[in-house]
Amino acid sequence: MSGRQRTAGPGPDTARTTGAAGPQQWRVTVDRACRRTGICTASAPRYFTADEQNRTRVVSELVAPDEDLLAVAESCPAEAISVTDRHTGLPVTDDD
Ligand code: SF4
């Protein structure tokens with residue numbers, strides 16, 4: 001187990017895209033634990049890019065829900081990628 005929190009948010013996938021607060025969005029961030037492996041930038045360039053010092057940056061902090069993004073976050077060896085629900089601030093996982 002990676003130690004990443006594995007729960008948050010309500011039920012089925014349809015609940016990920018709409019709700020009382022409007023269309024659901026996720027907030028994606030990369031923290032200082034990043035080891036600059038390039039895994040995320042290679043596997044999901046629409047979400048991650050590298051700056052001139054080869055530090056990983058998010059292309060856009062707010063994104064539409066996407067299971068592929070969760071898979072990339074899970075694959076980060078440094079657990080440096082966080083995906084949270086924009087409205088609740090709770091971690092989003094592929095168990096949701
Ligand atoms: S996969 Fe993780 S450690 Fe590797 S570049 Fe991306 S955020 Fe950094």
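**View 1. Helix H3 against the sheet.** In this predicted model, helix H3 (residues 67-75) lies across strands S1, S4 and S5 and runs at about 140° to S5. Helices (H or I, at least four residues) and strands (E, at least two) are DSSP runs, numbered from the N terminus. The axes are lines fitted to C-alpha atoms, for helices over the stretch in contact, and angles run from 0 to 180 degrees between N-to-C directions; two residues are in contact if their C-beta atoms, placed from the backbone, lie within 7 Å.

View 2. Three strands in the order S4-S1-S5 form an open sheet with antiparallel pairing, where two strands pair if DSSP finds at least two bridges between them. Strand S4 (62-63) and strand S5 (81-85) stand at the edges with a single partner strand each, so one side of each is left without a neighbour in the sheet.

**View 3. Strands S1 and S5.** Strand S1 (residues 26-30) and S5 run antiparallel and are joined by 5 bridges, and Val30 stands opposite Ile81 in S5.

View 4. Among the 14 residues around the ligand, Cys34, Thr37, Ile39, Cys40 and Cys76 come nearest, a residue being near if its C-beta atom, placed from the backbone, lies within 6 Å.

**Notes.** Residues are numbered from 1 along each chain as its sequence is written. As the model is predicted, local features need pLDDT of at least 70 and side-chain atom pairs count only at pLDDT 80 or more, while totals for chains, interfaces and linings use all residues.
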